[in-house]
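Here is a short tour for someone new to this structure. Look it over, then read on.

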Amino acid sequence: MENGLDLAGEWVLSGEDGTSIPAALPGDNYSALLAAGRIPDPYWGRNEILVQDIARKAWCFSRTFSLEPDFLASPYICLNLERVDTFAEIRINGKKILRTKNMFRRYRTEIKRFLKAGKNTIEINIASAWKEADRIAAAESLKLSGMQGMAKTINRIRKTQCHGGWDWGICLMVSGVYGELTLTGHNVAKLEHLYDRQIFDDKGCTVELTAELHAFAAGTLPVVFAFNGEIKTIRARLKEGENRVRTVFLVPHPRLWYPAGMGEAVLYDALVSSPDGSLAHRIGLRKLEVINEEDAAGRSLGFRVNGTDLFAKGANWIPTDALPARQTRETTEWLLDSALRANMNIIRVWGGGQYESDFFYEMCDEKGLLVWQDMMFACGTYPSTPEFTENVREEIEFQIRRLRHHPCIALWCGDNECIGALQWDAVARAASKTYLINYDRLNRELGKAVEQCDPERVFWPSSPCGGPGNFNDNWHDDRCGDMHYWEVWHGSKPFSAYYNVRPRFCSEFGYQSFPSFETVRTYADENNYNVFSPQVDYHEKCYHGCAPIIGMFGRYFRMPSRFEDFLYLSQVQQMLAIKTGVEYWRSLRPHCLGAIIWQLNDNWPVASWSSIEYGGKWKLLHYGIRNFFAPLAVIAYRAPGEALRAFVLNDLPKALTLQIRLRWFDFSGALVAASTRNCRVGAGAVAELGNMQIPAVAEESVFLVLELYQDEEKVAENTVFLAPYKLCELAETEIQTHFAFADGACDVQLTSSAPAFFCALDAEGIPGVFSDNAFTLLPNEPRRIRFTPRGEITLAAFRDAFKIRHLRQTY
Ligand code: BMA
């Protein structure tokens, strides 16, 4: 560190009960207790229940540190704390210096007078957030309802809301510090933030850089900006308190930042320094517009980057682990890379989680993933008392200042489903006006904070909502706004219900599945290898339990026989659900301009809507997403009572002429009918293939294979059934495998004598990704699939771990 001391490292965690164990900070109390063998693994079986008393106690993190007289010569010394969870009293050398009450705020306080040369002590005493929330709730004048997890009162406090448990999440009301923990010395001022504003005109791009400094006393300071090979020094006169120092740079030929799939995510280094410290960011030059304009259907919603509209394809993001100590850079990078590899261009940071670490946004900048950033409120009613609102205002202002320089951030959204909660929460419904006013008071504060701190970006009041200036409930509105479509999962409707809505932008829709057998074995023992066993059932947090997954099987499939078949089939089913929605909505472009799947990841091993399991393994859904989010796709569907329709989807910024091959087969693999077509499809557009002939045979006796070719090269394929799978007499077949090792990866050649559907490959216990999965294997058309491991691998280990499953084998 420049002029400072990083207090990250080993601390001591002590408890009311006399516990005294080593604990790493940044980190949390549960992780420390687990590492010291004081609590059982909360992720195993039903252990969640056994570890709840930890959260009803106070915990203290303490350590000593030593200071050199040189450092103490600095006129000002700050203690800087980020992500302190939640109610902490901080003491230095026994003296109280600070109290915290919001894990999303940054606390900085000048503490020189409490320090001495040599050995010092720091204590972070953290009260039980749960008890504190209960206390606030008991005293509140406007009674609010409880939240869905075990910690019902968590909406009263500024802590990651899913810590209290969610319909996919364990309740672990952790405490700790997860961000910066430093002492910094200063002469005049602390450099706080650096951000940019960009003006595009015929001269190029004018980049205005602004540094925000907190001056401890009035004074002057040279502030040096470096950008695009130029250096500018400003002698800043600072007043005590907050100051802004600005300068501009002209970039005559800017290299623009593009989201994934549209171009390169070019970044420029921006640096500001003073004798008191420095800040370095990487910024992207781009014009990002949220298009929200009146049109024939109502009002559009979409993103335009550097003048080109895109179809937003992405997933919702929740915290990567319920134990904050395990929220690593590596896990984040794996998940974001996985999003990218599945052709996503946007991530929605969902409001029940947290504003993510800097490295999350830096990675999104680098990879070209746009971020729909919620503010941290979800699915509930929140207070709007002056105390709460003031606390939130500090939080939002800090978060916007911290994050606004990231080119990835596409918009600020006020909350997740808090308008919905006004309807489904009985208390709020009974006094709707009161709760609406309460909602609006807080929500308007959020909007004001955006206006003040980041006027260039759009404030989208809530997700879902009709957008600024629209005061409708907007729950399912085909005319405007973003939509959360939950009728298929929560409403138990068939997959064809996706054809009932024509969203302008669907920011949430999902379907659950079980994780793989490999992951189930991390939380259940052999006696529990049954979908309704206590341990497996416990790892399904939605109020319906596992029943909808199994119930839905009855619509489409024959009942699977073995436990592993249940797990597999649930993943096939999940993939089909999401595929139905995505393909249909993509075919509606430009009416619909976005599909954000619920949800990308899990924060513990559980049955959920995720496309990637806890631990990083891709579910079949994630492989499916890679195909149905591909920039070029060929699709066909038949909405109830309608004809079969087929489309070519092109998200690329250029018009193309493509070839389509259509083949109908029966289930022995015999060709029933075949044709080829040419199709011209515009840039970022959709083309319908007219005149789709269905062979004149029983619907349950055939299936359609569509293939899309660009200059002789196959770029996409799809398989479509006309009848539910359960009605079709699928042929039994054994898939032959042949293995080979190439470039650190393993190839497997697959051959079948009859059509095999949803062929799912697994390398149990070996982390890595297949080049394709859950595909149709046709007879006499062998397929070579590559497995790229995350680490080193031998062919023998891969062959031993390899498993393949297909639909006919499940019964
Ligand atoms: C949406 C989300 C989450 C939830 C999901 C599934 O409402 O915002 O709150 O986990 O549905 O029920």
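Which residue in E3 does Glu10 stand opposite? Glu10 faces Ala24 in that strand. The model is a predicted one.

## The six-stranded sheet

Strand E2 covers residues 9–15 and runs antiparallel to E3, with six bridges joining the two. Both strands sit in an open sheet of six, in the order E3-E2-E5-E11-E8-E9. The pairing in this sheet is antiparallel. On average, neighbouring strands are turned by 30° against each other, direction ignored.

## Around strand E11

Strand E5 spans residues 59–67, and strand E11 spans residues 118–126. Nine bridges hold this antiparallel pair. One of the pairings can be named: Ser62 has Glu123 in E11 as its bridge partner.

Strand E8 runs over residues 88–92 and pairs with E11 in the antiparallel sense, over five bridges. Here Ile92 has Ile122 of E11 as its bridge partner.

## The four-stranded sheet

A second open sheet has four strands, in the order E1-E13-E6-E10. Its pairing is antiparallel. Strand E1 (4–6) and strand E10 (106–110) are the edge strands, and each pairs on one side only. The twist from one strand to the next averages 15°.

Take E6 and E10 as an example. Strand E6 covers residues 76–82 and makes five bridges with E10, in the antiparallel sense. Within this pair, Leu79 stands opposite Thr109 in E10.

## A hairpin and its neighbour

Strand E41 (residues 736–742) pairs with E42 in the antiparallel sense over seven bridges. Gln736 stands opposite Thr751 in E42. The two strands form a hairpin, with two residues between them. In the turn, Asp743 has a positive phi of about 50°.

Is strand E42 mostly covered or mostly exposed? Strand E42 (residues 745–751) is mostly covered, with five of its seven residues buried. E42 also pairs with strand E46 (residues 783–789). This pairing is antiparallel and has five bridges. Val748 has Ile785 in E46 as its bridge partner.

## Two helices that cross

Two packed helices are described by the angle between their axes and the distance between the axes. Helix H6 takes in residues 386–403, and helix H9 takes in residues 432–453. Their axes come within 10 Å and cross at roughly 30°. The crossing of H6 past H9 is right-handed.

Which residues make the contact? From H6 come Phe388, Thr389, Val392, Arg393, Ile396, Glu397, Ile400 and Arg401. From H9 come Leu442, Glu445, Leu446, Ala449, Val450, Gln452 and Cys453. By type, the residues of this contact divide into nine nonpolar, two polar and four charged.

## Gln148 in a loop

Some residues deserve a look of their own. Gln148 lies in the loop between helix H3 (129–139) and strand E12 (176–177). Gln148 has 40% relative accessibility, so it counts as partly exposed.

What does Gln148 touch, leaving out residues up to four places away in sequence? Its contacts are Gly165, Trp166, Asp167 and Cys379. With Asp167 there is a polar approach: a polar atom of the Gln148 side chain lies 3.3 Å from the backbone nitrogen of Asp167. Gly164 is 16 residues from Gln148 in sequence, yet the C-alpha atoms of the two are 8.2 Å apart.

## Glu583 in a helix

Glu583 is in helix H13, which covers residues 563–587. Is this glutamate buried or exposed? Glu583 counts as buried because its relative accessibility is 7%, and buried means under 20%.

Leaving out residues up to four places away in sequence, Glu583 touches Phe628, Ile635, Ala636 and Asn718.

Methods: Residues are numbered from 1 along each chain as its sequence is written. This is a predicted model: local features need pLDDT of at least 70, side-chain atom pairs count only at pLDDT 80 or more; totals for chains, interfaces and linings use all residues. Side-chain values use heavy atoms; hydrogens and water are left out. Axes are lines fitted to C-alpha atoms, for helices over the stretch in contact, and angles run from 0 to 180 degrees between N-to-C directions. A crossing is left-handed if the near helix is turned anticlockwise from the far one by less than a right angle, and right-handed if clockwise. Contact means heavy atoms within 4.5 Å. Ala, Val, Leu, Ile, Met, Phe, Trp, Tyr, Cys and Pro count as nonpolar, Asp, Glu, Lys and Arg as charged, and the others, Gly among them, as polar. Two strands pair if DSSP finds at least two bridges between them. Buried means under 20% relative accessible area, exposed over 50%, partly exposed in between (1.4 Å probe, protein chains only). A polar contact is a pair of N or O atoms within 3.5 Å; within protein, one must be able to donate a hydrogen and the other to accept it, and residues adjacent in sequence count only if both atoms are side-chain atoms.
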